[in-house]
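Please read the points with the structure at hand.

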Amino acid sequence: MGRGRVHLKRIENKINRQVTFSKRRAGLLKKAHEISVFCDAEVALIVFSLKGKLFEYSTDSCMEKILERYERYSYAERQLGNWSMEYNRLKAKVELLQKNHRNYMGEDLDSLSLKELQNLEQQLDTAIKHIRSRKNQLICESISELQRKEKAIQEQNAMLAKQIKEREKAVAQQSQWGQKEHGLNTSSFLLPQPPPPPPPHPCLNIGTYQEEATEVRRNELDLTLEPIYHLGYFAA
């Protein structure tokens, strides 16, 4: 008769558990070596006992190389699995969006039920209200902007008109001043020169002539008396 089927469960007896661990560990290491030799495979085996003791086996003693390869492979597998899940999720989302877009355009409505059509109608009404509200807001903003520009242009036109009036006034004043100066210069050339004053009449200066005659006589008398004075001096 063959051996009965062994039920897998934890061995409660510590001694039996340790003996079983030693036997199974040796058999496991032997099987790992056999598969690496028979199949030319890279095998890495790591076992920790209950007390934390390490038992390991690797093909050609290259445990680090095998573990590094395992890390790269497992990371790639995880990334591939994540990308596959992400791709499926995005694909389903795109299909749903395309279906909703066709429904919003009034296409592929045969597969929709009455409730779905009512929901679609309500969504379209809400979207139209939002669109109209946004359109009115933009129109009001455009009108306000145009009014502001119009006011600025009117103020600029008023300022330019004021400057033009001031320049016209200044030009008119300069023209008047030029005409006045031209008239004065013309009148100075055309008016006759006044005649020179007449010389004083001799009869009006009688006193002056008498004084001059008296002074001349006095000088002549001094000249006649001077030799006499000198003669008297020498005689003495």
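1. Patches are made of residues with over 30% relative accessible area and no salt bridge, like charges being joined within 9 Å and nonpolar side chains (Val, Leu, Ile, Met, Phe, Trp, Tyr) within 5 Å. Accessible areas come from the Shrake-Rupley method with a 1.4 Å probe, and for residues only the protein chains shown count as cover. The model is predicted: local features need pLDDT of at least 70, side-chain atom pairs count only at pLDDT 80 or more, and totals for chains, interfaces and linings use all residues. Residues are numbered from 1 along each chain as its sequence is written, and side-chain values use heavy atoms, with hydrogens and water left out.

2. Ile-46, Phe-48, Leu-54 and Leu-67 make a nonpolar surface patch of about 370 Å². Ile-46 belongs to strand S1 (residues 44–48), and Leu-67 to helix H2 (residues 63–104); helices (H or I, at least four residues) and strands (E, at least two) are DSSP runs numbered from the N terminus. Ile-46 is partly exposed at 42% relative accessibility, as is Leu-67 at 36% (buried is under 20%, exposed over 50%, partly exposed in between; 1.4 Å probe, protein chains only).

3. Six salt bridges are found in the whole structure, each a side-chain nitrogen of Lys or Arg within 4 Å of a carboxyl oxygen of Asp or Glu. One of them joins Glu-42 and Arg-69 (3.1 Å, N to O). Because Glu-42 lies in the loop between H1 and S1 and Arg-69 in helix H2, the pair ties together parts 27 residues apart in sequence.

4. Arg-72 is exposed at 52%, whereas Glu-68 is partly exposed at 49%.

5. Glu-145 and Arg-148 also meet in a salt bridge (2.4 Å, N to O). Both residues lie in helix H3 (residues 114–190), three residues apart, about one turn of the helix.

6. Which residues lie nearest the centre of the largest pocket? They are Arg-17, Gln-18, Phe-21, Ser-49 and Leu-50, out of 14 lining residues. Helix H1 (residues 14–39) gives the most to this lining, with eight residues.

Note on methods
1 Å grid on protein atoms, 1.4 Å probe; cavity = no way out; pocket = protein on both sides within 12 Å on 5 of 7 lines; lining within 4 Å.
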